[in-house]
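Hi,

Here is the structure I said I would pass on.

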Amino acid sequence: LEQLRQENARLLAKIAQHESLIQQQSTSIQNLQHQLHLFRTARFGQKSEKGVVPEQMALQFDETYAATETPAQAEACATETITYTRSKKGTGRKALPKSLPYIEQVHDLSDDEKHCTCGCALTHIDDEVTEQLDVVPQMTFRVVHIRKKYACKSCEETIRLAKLPQQPIDRAIAAPGLLAAIIDAKFNRHMPLYRQEAMFGEANLSITRATLSGWMIKSAKLLTPLVKLMIDDIHQYDIAFADETPLQVLKEKDRAPTQKSYMWLFIGGPPEKRAFVYQYHASRSHQIPFDFFADFKGWLHADCYKAYVALGQQEHMTHVACWAHARRYSVAVAKISKKEGLAHQIVTLIGKLYHLERGLKDQQATPETVFMRREQDAKPVLAQIKALLDDAQFKVPPKSPLGTAVFYSLNHWEALNAYVQDGRLEIDNNTSERAIKPFVIGRKNWLFHGNEVGAQAGSILFSLIETCKHNKVDVFSWLKYALKNIQQAETVEQLEKLLPYNIDTNLLTNMRTIPEIIMPQQGGVN
(Lines give C-alpha, C1' and ligand atoms only; values in the text may rest on other atoms or scores of the structure.)
Protein backbone atom coordinates (compact mmCIF):
# COMPACT_ATOMS: atom_id res chain seq x y z
CA LEU A 1 0.00 0.00 0.00
CA GLU A 2 2.85 2.39 0.83
CA GLN A 3 4.47 1.69 -2.52
CA LEU A 4 1.21 2.47 -4.28
CA ARG A 5 0.94 5.74 -2.39
CA GLN A 6 4.47 6.71 -3.36
CA GLU A 7 3.81 5.79 -6.96
CA ASN A 8 0.56 7.78 -6.90
CA ALA A 9 2.39 10.83 -5.49
CA ARG A 10 5.10 10.49 -8.14
CA LEU A 11 2.50 10.29 -10.91
CA LEU A 12 0.60 13.29 -9.54
CA ALA A 13 3.83 15.31 -9.42
CA LYS A 14 4.61 14.25 -12.98
CA ILE A 15 1.10 15.20 -14.10
CA ALA A 16 1.48 18.61 -12.45
CA GLN A 17 4.84 19.02 -14.16
CA HIS A 18 3.31 18.13 -17.54
CA GLU A 19 0.38 20.46 -16.96
CA SER A 20 2.80 23.26 -16.17
CA LEU A 21 4.77 22.45 -19.33
CA ILE A 22 1.56 22.36 -21.39
CA GLN A 23 0.57 25.75 -19.99
CA GLN A 24 3.98 27.20 -20.89
CA GLN A 25 3.80 25.71 -24.37
CA SER A 26 0.26 27.02 -24.80
CA THR A 27 1.41 30.52 -23.87
CA SER A 28 4.38 30.22 -26.23
CA ILE A 29 2.11 29.04 -29.05
CA GLN A 30 -0.24 31.94 -28.42
CA ASN A 31 2.65 34.42 -28.46
CA LEU A 32 4.03 32.90 -31.66
CA GLN A 33 0.59 33.02 -33.27
CA HIS A 34 0.35 36.67 -32.25
CA GLN A 35 3.77 37.43 -33.76
CA LEU A 36 2.86 35.52 -36.92
CA HIS A 37 -0.30 37.55 -37.27
CA LEU A 38 1.64 40.80 -36.79
CA PHE A 39 4.08 39.76 -39.50
CA ARG A 40 1.25 38.81 -41.85
CA THR A 41 -0.53 42.07 -41.16
CA ALA A 42 2.65 44.06 -41.72
CA ARG A 43 3.27 42.26 -44.99
CA PHE A 44 -0.24 41.95 -46.43
CA GLY A 45 -2.72 43.74 -44.16
CA GLN A 46 -3.89 47.22 -43.33
CA LYS A 47 -1.09 49.45 -42.02
CA SER A 48 -3.28 51.99 -40.26
CA GLU A 49 -4.20 51.53 -36.60
CA LYS A 50 -7.36 53.64 -36.92
CA GLY A 51 -9.73 50.77 -37.56
CA VAL A 52 -9.85 47.47 -35.70
CA VAL A 53 -11.90 44.97 -37.74
CA PRO A 54 -11.41 41.40 -36.45
CA GLU A 55 -13.71 39.93 -39.11
CA GLN A 56 -11.13 40.77 -41.78
CA MET A 57 -8.37 38.80 -40.07
CA ALA A 58 -7.60 35.26 -41.13
CA LEU A 59 -6.26 34.33 -37.69
CA GLN A 60 -8.40 34.78 -34.58
CA PHE A 61 -8.25 33.39 -31.09
CA ASP A 62 -9.72 34.23 -27.71
CA GLU A 63 -7.97 36.55 -25.31
CA THR A 64 -6.55 34.90 -22.26
CA TYR A 65 -8.82 37.10 -20.23
CA ALA A 66 -12.23 38.50 -21.21
CA ALA A 67 -13.36 41.15 -18.75
CA THR A 68 -16.72 40.80 -17.03
CA GLU A 69 -18.66 43.85 -18.13
CA THR A 70 -19.90 46.29 -15.54
CA PRO A 71 -22.49 48.94 -16.52
CA ALA A 72 -19.70 51.51 -16.86
CA GLN A 73 -17.68 49.18 -19.05
CA ALA A 74 -20.71 48.30 -21.14
CA GLU A 75 -21.24 52.02 -21.71
CA ALA A 76 -17.58 52.30 -22.76
CA CYS A 77 -18.06 49.60 -25.38
CA ALA A 78 -21.30 51.05 -26.73
CA THR A 79 -21.23 52.32 -30.27
CA GLU A 80 -21.05 56.11 -30.37
CA THR A 81 -22.57 57.91 -33.36
CA ILE A 82 -20.86 61.19 -34.21
CA THR A 83 -22.38 63.63 -36.69
CA TYR A 84 -20.25 66.32 -38.27
CA THR A 85 -20.22 68.52 -41.35
CA ARG A 86 -17.38 68.26 -43.82
CA SER A 87 -16.72 70.95 -46.39
CA LYS A 88 -16.17 69.46 -49.82
CA LYS A 89 -13.13 70.62 -51.69
CA GLY A 90 -13.66 72.23 -55.04
CA THR A 91 -13.02 70.06 -58.05
CA GLY A 92 -11.40 70.96 -61.33
CA ARG A 93 -8.02 72.31 -62.33
CA LYS A 94 -6.57 75.09 -60.21
CA ALA A 95 -5.24 78.25 -61.85
CA LEU A 96 -1.47 78.48 -62.20
CA PRO A 97 0.24 81.07 -59.94
CA LYS A 98 0.56 84.45 -61.61
CA SER A 99 4.00 84.87 -60.05
CA LEU A 100 5.48 82.23 -62.38
CA PRO A 101 7.51 83.60 -65.30
CA TYR A 102 5.95 82.84 -68.66
CA ILE A 103 6.43 82.93 -72.40
CA GLU A 104 3.81 83.81 -74.98
CA GLN A 105 3.04 81.80 -78.07
CA VAL A 106 0.59 83.57 -80.40
CA HIS A 107 -1.43 81.37 -82.73
CA ASP A 108 -3.13 83.16 -85.62
CA LEU A 109 -5.28 82.18 -88.59
CA SER A 110 -3.76 82.05 -92.05
CA ASP A 111 -4.57 84.88 -94.46
CA ASP A 112 -7.03 82.66 -96.36
CA GLU A 113 -8.85 81.71 -93.15
CA LYS A 114 -9.32 85.40 -92.24
CA HIS A 115 -11.96 85.78 -94.99
CA CYS A 116 -15.59 84.76 -94.67
CA THR A 117 -17.32 82.63 -97.29
CA CYS A 118 -19.42 85.70 -98.13
CA GLY A 119 -16.27 87.53 -99.22
CA CYS A 120 -15.92 89.92 -96.24
CA ALA A 121 -12.71 90.11 -94.15
CA LEU A 122 -13.01 88.77 -90.58
CA THR A 123 -12.51 91.21 -87.70
CA HIS A 124 -10.43 90.33 -84.60
CA ILE A 125 -12.81 90.45 -81.61
CA ASP A 126 -11.06 88.66 -78.75
CA ASP A 127 -8.24 86.37 -77.63
CA GLU A 128 -8.80 83.02 -75.96
CA VAL A 129 -6.02 82.27 -73.51
CA THR A 130 -5.00 78.73 -72.51
CA GLU A 131 -2.16 78.06 -70.03
CA GLN A 132 0.22 75.11 -69.79
CA LEU A 133 3.04 74.39 -67.41
CA ASP A 134 6.51 73.68 -68.80
CA VAL A 135 9.89 73.17 -67.17
CA VAL A 136 13.59 73.20 -67.97
CA PRO A 137 15.09 70.50 -65.72
CA GLN A 138 17.67 71.74 -63.17
CA MET A 139 18.13 75.17 -64.70
CA THR A 140 21.75 76.13 -64.13
CA PHE A 141 23.59 79.25 -65.20
CA ARG A 142 26.99 80.86 -64.77
CA VAL A 143 27.56 83.84 -62.53
CA VAL A 144 30.36 85.80 -64.20
CA HIS A 145 32.01 88.18 -61.71
CA ILE A 146 33.69 91.06 -63.56
CA ARG A 147 36.05 92.86 -61.19
CA LYS A 148 37.17 96.27 -62.35
CA LYS A 149 40.91 96.90 -62.10
CA TYR A 150 42.43 100.41 -61.96
CA ALA A 151 46.00 101.68 -62.14
CA CYS A 152 47.80 105.02 -61.75
CA LYS A 153 49.38 106.13 -65.01
CA SER A 154 51.50 108.76 -63.31
CA CYS A 155 53.51 106.68 -60.86
CA GLU A 156 52.69 103.37 -62.45
CA GLU A 157 52.86 101.77 -59.00
CA THR A 158 49.27 101.74 -57.69
CA ILE A 159 46.95 99.02 -58.94
CA ARG A 160 43.59 98.45 -57.31
CA LEU A 161 41.11 95.65 -57.96
CA ALA A 162 37.45 95.59 -56.89
CA LYS A 163 36.80 93.03 -54.18
CA LEU A 164 34.85 89.86 -54.90
CA PRO A 165 31.76 89.55 -52.65
CA GLN A 166 32.33 87.14 -49.79
CA GLN A 167 31.26 83.63 -50.76
CA PRO A 168 30.04 80.79 -48.50
CA ILE A 169 32.94 78.61 -49.66
CA ASP A 170 36.15 80.31 -50.74
CA ARG A 171 37.55 79.47 -54.19
CA ALA A 172 34.58 77.21 -54.96
CA ILE A 173 32.44 77.43 -58.08
CA ALA A 174 29.31 76.91 -55.99
CA ALA A 175 27.20 80.03 -55.47
CA PRO A 176 24.70 80.19 -52.54
CA GLY A 177 21.85 79.14 -54.81
CA LEU A 178 23.65 76.01 -55.98
CA LEU A 179 24.58 75.03 -52.41
CA ALA A 180 20.96 75.54 -51.33
CA ALA A 181 19.68 73.45 -54.24
CA ILE A 182 22.05 70.56 -53.46
CA ILE A 183 21.18 70.55 -49.74
CA ASP A 184 17.45 70.86 -50.46
CA ALA A 185 17.61 68.02 -53.00
CA LYS A 186 19.30 65.58 -50.64
CA PHE A 187 17.80 66.28 -47.23
CA ASN A 188 14.40 67.67 -48.21
CA ARG A 189 13.71 65.78 -51.46
CA HIS A 190 15.72 62.69 -50.42
CA MET A 191 17.82 62.60 -53.61
CA PRO A 192 21.21 60.88 -53.05
CA LEU A 193 24.33 62.66 -54.25
CA TYR A 194 25.08 60.10 -56.94
CA ARG A 195 21.79 60.96 -58.63
CA GLN A 196 22.58 64.66 -58.43
CA GLU A 197 26.01 63.94 -59.90
CA ALA A 198 24.29 62.20 -62.82
CA MET A 199 21.94 65.16 -63.34
CA PHE A 200 24.86 67.58 -63.53
CA GLY A 201 26.61 65.21 -65.92
CA GLU A 202 23.60 65.29 -68.26
CA ALA A 203 24.03 69.10 -68.37
CA ASN A 204 27.73 68.66 -69.30
CA LEU A 205 28.84 69.80 -65.84
CA SER A 206 31.53 67.69 -64.23
CA ILE A 207 30.79 67.85 -60.49
CA THR A 208 31.74 64.71 -58.61
CA ARG A 209 29.97 63.22 -55.63
CA ALA A 210 33.01 63.93 -53.45
CA THR A 211 32.84 67.61 -54.37
CA LEU A 212 29.12 67.76 -53.59
CA SER A 213 29.73 66.08 -50.24
CA GLY A 214 32.52 68.51 -49.38
CA TRP A 215 30.29 71.48 -50.18
CA MET A 216 27.55 70.20 -47.85
CA ILE A 217 29.99 69.62 -45.00
CA LYS A 218 31.38 73.15 -45.33
CA SER A 219 27.88 74.61 -45.58
CA ALA A 220 26.85 72.75 -42.41
CA LYS A 221 29.90 74.10 -40.57
CA LEU A 222 28.93 77.61 -41.65
CA LEU A 223 25.36 77.19 -40.37
CA THR A 224 26.27 75.47 -37.07
CA PRO A 225 25.95 78.65 -34.94
CA LEU A 226 22.27 78.84 -35.86
CA VAL A 227 21.63 75.34 -34.49
CA LYS A 228 23.39 76.27 -31.25
CA LEU A 229 20.98 79.19 -30.88
CA MET A 230 18.07 76.81 -31.53
CA ILE A 231 19.29 74.57 -28.69
CA ASP A 232 19.31 77.59 -26.37
CA ASP A 233 15.73 78.37 -27.40
CA ILE A 234 14.68 74.80 -26.56
CA HIS A 235 16.20 75.13 -23.09
CA GLN A 236 14.41 78.42 -22.42
CA TYR A 237 10.92 76.96 -22.94
CA ASP A 238 9.34 74.47 -20.51
CA ILE A 239 7.91 71.93 -22.99
CA ALA A 240 10.08 69.65 -25.13
CA PHE A 241 9.89 66.48 -27.22
CA ALA A 242 12.44 63.73 -27.86
CA ASP A 243 12.88 60.65 -30.03
CA GLU A 244 15.63 58.69 -31.77
CA THR A 245 16.09 56.39 -34.76
CA PRO A 246 18.90 54.09 -35.98
CA LEU A 247 21.52 55.37 -38.42
CA GLN A 248 24.22 53.50 -40.32
CA VAL A 249 27.66 55.16 -40.53
CA LEU A 250 30.29 53.19 -42.44
CA LYS A 251 33.57 54.66 -41.23
CA GLU A 252 33.42 55.40 -37.51
CA LYS A 253 36.50 55.45 -35.36
CA ASP A 254 37.13 52.11 -33.59
CA ARG A 255 33.77 50.72 -34.76
CA ALA A 256 32.75 48.14 -37.34
CA PRO A 257 30.71 49.34 -40.35
CA THR A 258 27.80 47.12 -39.27
CA GLN A 259 27.45 48.68 -35.80
CA LYS A 260 24.34 50.75 -35.28
CA SER A 261 24.48 54.48 -34.58
CA TYR A 262 21.58 56.82 -33.80
CA MET A 263 20.11 60.11 -34.90
CA TRP A 264 18.50 61.82 -31.92
CA LEU A 265 15.75 64.42 -32.27
CA PHE A 266 14.99 67.13 -29.72
CA ILE A 267 12.13 69.60 -30.22
CA GLY A 268 11.21 72.63 -28.16
CA GLY A 269 10.31 76.27 -28.01
CA PRO A 270 6.89 77.95 -28.21
CA PRO A 271 4.51 76.48 -30.84
CA GLU A 272 4.87 79.59 -33.02
CA LYS A 273 8.70 79.40 -32.82
CA ARG A 274 9.43 75.71 -32.54
CA ALA A 275 12.97 74.45 -33.07
CA PHE A 276 13.90 70.95 -34.33
CA VAL A 277 17.42 69.80 -33.45
CA TYR A 278 18.88 66.54 -34.77
CA GLN A 279 22.06 65.15 -33.23
CA TYR A 280 24.20 62.26 -34.42
CA HIS A 281 25.61 59.96 -31.74
CA ALA A 282 27.33 56.62 -31.99
CA SER A 283 25.14 55.03 -29.31
CA ARG A 284 21.77 55.08 -27.58
CA SER A 285 23.32 55.92 -24.24
CA HIS A 286 21.19 57.39 -21.46
CA GLN A 287 23.81 60.11 -21.05
CA ILE A 288 22.91 61.73 -24.38
CA PRO A 289 19.46 63.05 -23.39
CA PHE A 290 20.76 63.75 -19.87
CA ASP A 291 23.46 66.02 -21.32
CA PHE A 292 21.10 67.72 -23.76
CA PHE A 293 18.47 68.52 -21.11
CA ALA A 294 20.92 69.41 -18.34
CA ASP A 295 19.78 73.07 -18.41
CA PHE A 296 16.13 72.32 -19.16
CA LYS A 297 13.26 72.58 -16.68
CA GLY A 298 9.76 71.45 -17.55
CA TRP A 299 7.84 68.72 -19.39
CA LEU A 300 9.35 66.17 -21.75
CA HIS A 301 7.15 64.34 -24.28
CA ALA A 302 8.77 61.02 -25.16
CA ASP A 303 8.11 57.30 -25.39
CA CYS A 304 8.91 55.00 -22.49
CA TYR A 305 12.49 54.19 -23.42
CA LYS A 306 14.40 53.78 -20.14
CA ALA A 307 16.53 56.89 -20.77
CA TYR A 308 13.46 59.13 -20.91
CA VAL A 309 11.84 57.41 -17.93
CA ALA A 310 15.00 57.98 -15.86
CA LEU A 311 15.19 61.57 -17.08
CA GLY A 312 11.62 62.17 -15.94
CA GLN A 313 12.58 61.13 -12.42
CA GLN A 314 14.86 64.18 -12.12
CA GLU A 315 13.58 67.07 -10.00
CA HIS A 316 13.67 69.53 -12.90
CA MET A 317 11.78 67.37 -15.40
CA THR A 318 8.46 65.55 -15.77
CA HIS A 319 8.08 62.73 -18.28
CA VAL A 320 4.91 62.88 -20.39
CA ALA A 321 4.37 59.42 -21.91
CA CYS A 322 2.73 58.73 -25.26
CA TRP A 323 -0.80 57.32 -25.44
CA ALA A 324 -0.25 56.37 -29.08
CA HIS A 325 2.40 53.88 -27.95
CA ALA A 326 0.17 52.49 -25.20
CA ARG A 327 -2.73 52.14 -27.64
CA ARG A 328 -0.54 50.31 -30.16
CA TYR A 329 -0.13 47.30 -27.85
CA SER A 330 -3.89 46.98 -27.33
CA VAL A 331 -4.59 47.43 -31.06
CA ALA A 332 -2.28 44.53 -31.87
CA VAL A 333 -4.35 42.28 -29.58
CA ALA A 334 -7.73 43.69 -30.59
CA LYS A 335 -7.14 42.89 -34.25
CA ILE A 336 -7.03 39.18 -33.50
CA SER A 337 -9.33 38.80 -30.50
CA LYS A 338 -13.02 38.74 -29.64
CA LYS A 339 -14.83 42.00 -30.15
CA GLU A 340 -16.07 42.18 -26.56
CA GLY A 341 -12.62 41.54 -25.05
CA LEU A 342 -10.50 43.73 -22.81
CA ALA A 343 -8.29 45.02 -25.62
CA HIS A 344 -11.31 46.32 -27.52
CA GLN A 345 -12.61 48.05 -24.40
CA ILE A 346 -9.28 49.80 -23.86
CA VAL A 347 -8.99 50.83 -27.52
CA THR A 348 -12.54 52.24 -27.39
CA LEU A 349 -11.80 54.26 -24.25
CA ILE A 350 -8.54 55.61 -25.67
CA GLY A 351 -10.52 56.55 -28.77
CA LYS A 352 -12.71 58.74 -26.55
CA LEU A 353 -9.63 60.53 -25.24
CA TYR A 354 -8.45 61.22 -28.79
CA HIS A 355 -11.94 62.31 -29.87
CA LEU A 356 -11.87 64.93 -27.12
CA GLU A 357 -8.41 66.13 -28.21
CA ARG A 358 -9.46 66.41 -31.87
CA GLY A 359 -12.50 68.46 -30.92
CA LEU A 360 -10.42 70.85 -28.82
CA LYS A 361 -7.89 71.22 -31.61
CA ASP A 362 -10.59 71.93 -34.21
CA GLN A 363 -12.05 74.56 -31.89
CA GLN A 364 -8.57 76.08 -31.40
CA ALA A 365 -9.25 76.02 -27.68
CA THR A 366 -7.01 77.97 -25.32
CA PRO A 367 -4.77 76.05 -22.88
CA GLU A 368 -7.09 77.07 -20.04
CA THR A 369 -10.11 75.61 -21.85
CA VAL A 370 -8.18 72.44 -22.71
CA PHE A 371 -7.23 71.98 -19.06
CA MET A 372 -10.81 72.37 -17.88
CA ARG A 373 -12.22 69.98 -20.50
CA ARG A 374 -9.62 67.36 -19.63
CA GLU A 375 -10.50 67.67 -15.96
CA GLN A 376 -14.18 67.28 -16.79
CA ASP A 377 -14.16 64.71 -19.61
CA ALA A 378 -10.76 62.98 -19.83
CA LYS A 379 -10.18 62.07 -16.19
CA PRO A 380 -13.34 59.90 -15.89
CA VAL A 381 -12.28 57.96 -19.00
CA LEU A 382 -8.76 57.53 -17.58
CA ALA A 383 -10.33 56.19 -14.38
CA GLN A 384 -12.27 53.60 -16.39
CA ILE A 385 -9.09 52.49 -18.17
CA LYS A 386 -7.26 52.21 -14.84
CA ALA A 387 -10.05 50.09 -13.35
CA LEU A 388 -9.86 47.66 -16.30
CA LEU A 389 -6.07 47.43 -16.03
CA ASP A 390 -6.11 46.89 -12.26
CA ASP A 391 -8.66 44.09 -12.61
CA ALA A 392 -6.76 42.44 -15.47
CA GLN A 393 -3.27 42.44 -13.96
CA PHE A 394 -4.11 39.46 -11.72
CA LYS A 395 -5.81 37.45 -14.47
CA VAL A 396 -3.56 37.65 -17.54
CA PRO A 397 -0.08 36.14 -18.01
CA PRO A 398 2.44 39.04 -17.95
CA LYS A 399 4.30 37.79 -21.02
CA SER A 400 1.23 37.23 -23.17
CA PRO A 401 0.33 39.84 -25.84
CA LEU A 402 -2.55 41.10 -23.71
CA GLY A 403 -0.36 41.07 -20.60
CA THR A 404 2.25 43.15 -22.40
CA ALA A 405 -0.40 45.76 -23.22
CA VAL A 406 -1.77 45.77 -19.65
CA PHE A 407 1.54 46.02 -17.82
CA TYR A 408 3.00 48.61 -20.22
CA SER A 409 0.19 51.00 -19.30
CA LEU A 410 0.28 50.14 -15.59
CA ASN A 411 4.06 50.55 -15.33
CA HIS A 412 3.91 54.01 -16.93
CA TRP A 413 0.49 55.11 -15.68
CA GLU A 414 1.70 58.27 -13.95
CA ALA A 415 3.54 59.47 -17.06
CA LEU A 416 0.54 58.61 -19.27
CA ASN A 417 -1.67 60.81 -17.07
CA ALA A 418 0.77 63.73 -16.93
CA TYR A 419 -0.69 65.45 -19.99
CA VAL A 420 -3.88 66.43 -18.13
CA GLN A 421 -1.89 68.67 -15.76
CA ASP A 422 -1.30 71.44 -18.31
CA GLY A 423 -3.48 72.50 -21.24
CA ARG A 424 -0.40 73.12 -23.39
CA LEU A 425 0.69 69.48 -23.24
CA GLU A 426 -0.19 66.90 -25.89
CA ILE A 427 -1.71 63.46 -25.44
CA ASP A 428 1.07 61.73 -27.38
CA ASN A 429 4.54 62.14 -28.83
CA ASN A 430 3.36 62.24 -32.44
CA THR A 431 5.09 65.59 -32.95
CA SER A 432 8.42 63.77 -32.69
CA GLU A 433 7.14 60.78 -34.65
CA ARG A 434 6.13 63.01 -37.58
CA ALA A 435 9.40 64.94 -37.45
CA ILE A 436 11.55 61.79 -37.45
CA LYS A 437 9.68 60.35 -40.45
CA PRO A 438 11.38 62.57 -43.12
CA PHE A 439 14.77 61.35 -41.89
CA VAL A 440 13.60 57.73 -42.10
CA ILE A 441 12.32 58.28 -45.66
CA GLY A 442 15.62 59.87 -46.64
CA ARG A 443 17.56 57.02 -45.04
CA LYS A 444 15.76 54.55 -47.31
CA ASN A 445 17.13 56.47 -50.31
CA TRP A 446 20.72 57.25 -49.34
CA LEU A 447 21.00 54.29 -46.91
CA PHE A 448 23.93 55.53 -44.78
CA HIS A 449 26.46 58.26 -44.04
CA GLY A 450 30.05 57.69 -45.10
CA ASN A 451 31.73 58.90 -41.91
CA GLU A 452 31.20 60.78 -38.66
CA VAL A 453 31.84 64.17 -40.27
CA GLY A 454 29.12 63.56 -42.85
CA ALA A 455 26.68 62.37 -40.17
CA GLN A 456 27.33 65.50 -38.08
CA ALA A 457 26.81 67.71 -41.14
CA GLY A 458 23.60 65.85 -41.97
CA SER A 459 22.25 66.45 -38.46
CA ILE A 460 22.90 70.21 -38.75
CA LEU A 461 21.24 70.51 -42.15
CA PHE A 462 18.28 68.30 -41.16
CA SER A 463 17.74 70.50 -38.08
CA LEU A 464 17.46 73.65 -40.15
CA ILE A 465 15.35 72.10 -42.90
CA GLU A 466 12.75 70.58 -40.55
CA THR A 467 12.59 73.82 -38.57
CA CYS A 468 11.89 75.69 -41.81
CA LYS A 469 9.16 73.24 -42.80
CA HIS A 470 7.41 73.39 -39.44
CA ASN A 471 7.43 77.20 -39.45
CA LYS A 472 6.21 77.26 -43.09
CA VAL A 473 9.36 78.86 -44.49
CA ASP A 474 10.47 77.88 -48.00
CA VAL A 475 13.51 75.65 -47.50
CA PHE A 476 15.44 76.56 -50.65
CA SER A 477 14.86 80.31 -50.26
CA TRP A 478 15.92 80.27 -46.62
CA LEU A 479 19.05 78.21 -47.27
CA LYS A 480 20.09 80.50 -50.12
CA TYR A 481 19.54 83.64 -48.06
CA ALA A 482 21.23 82.24 -44.93
CA LEU A 483 24.30 80.99 -46.82
CA LYS A 484 24.59 84.33 -48.56
CA ASN A 485 24.32 86.47 -45.42
CA ILE A 486 25.50 84.48 -42.40
CA GLN A 487 29.11 85.61 -42.75
CA GLN A 488 28.00 89.22 -42.46
CA ALA A 489 26.31 88.53 -39.10
CA GLU A 490 28.72 89.74 -36.42
CA THR A 491 26.52 89.66 -33.32
CA VAL A 492 24.21 87.15 -31.66
CA GLU A 493 21.24 89.40 -32.42
CA GLN A 494 22.07 89.37 -36.13
CA LEU A 495 22.37 85.58 -36.08
CA GLU A 496 19.05 85.23 -34.29
CA LYS A 497 17.34 87.20 -37.05
CA LEU A 498 18.47 84.51 -39.51
CA LEU A 499 16.72 81.68 -37.65
CA PRO A 500 13.82 80.16 -39.67
CA TYR A 501 11.20 81.22 -37.11
CA ASN A 502 12.65 84.76 -36.80
CA ILE A 503 13.39 85.49 -40.47
CA ASP A 504 11.54 88.29 -42.20
CA THR A 505 9.90 86.35 -45.02
CA ASN A 506 9.89 89.47 -47.20
CA LEU A 507 13.65 89.01 -47.49
CA LEU A 508 13.09 85.61 -49.16
CA THR A 509 10.73 86.75 -51.92
CA ASN A 510 13.50 87.24 -54.50
CA MET A 511 15.43 84.06 -53.74
CA ARG A 512 13.55 82.12 -56.45
CA THR A 513 13.40 84.98 -58.95
CA ILE A 514 15.06 84.12 -62.25
CA PRO A 515 17.69 86.78 -63.02
CA GLU A 516 18.23 88.32 -66.43
CA ILE A 517 20.02 85.62 -68.39
CA ILE A 518 22.55 86.38 -71.14
CA MET A 519 22.29 83.57 -73.63
CA PRO A 520 25.58 82.59 -75.33
CA GLN A 521 25.74 82.94 -79.07
CA GLN A 522 25.09 79.74 -80.98
CA GLY A 523 28.38 78.26 -82.17
CA GLY A 524 30.40 80.96 -80.48
CA VAL A 525 32.19 81.38 -77.18
CA ASN A 526 30.86 83.75 -74.53
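Let's start with Arg5, which counts as exposed because its relative accessibility is 52% (buried is under 20% relative accessible area, exposed over 50%, partly exposed in between, with a 1.4 Å probe and protein chains only). Before going on: this is a predicted model, where local features need pLDDT of at least 70 and side-chain atom pairs count only at pLDDT 80 or more, while totals for chains, interfaces and linings use all residues. Residues are numbered from 1 along each chain as its sequence is written, and side-chain values use heavy atoms, leaving out hydrogens and water.

Arg5 has a salt bridge to Glu2, with the closest N and O atoms 4.0 Å apart (a salt bridge is a side-chain nitrogen of Lys or Arg within 4 Å of a carboxyl oxygen of Asp or Glu). Glu2 is partly exposed at 47%.

Glu375 is partly exposed at 34%, and Lys379 is partly exposed at 37%.

Then there is Asp422, buried at 15%, which pairs with Arg424 at 3.0 Å between the closest N and O atoms. Asp238 joins Asp422 and Arg424 in a network of salt bridges. The structure holds 17 salt bridges.

Cheers
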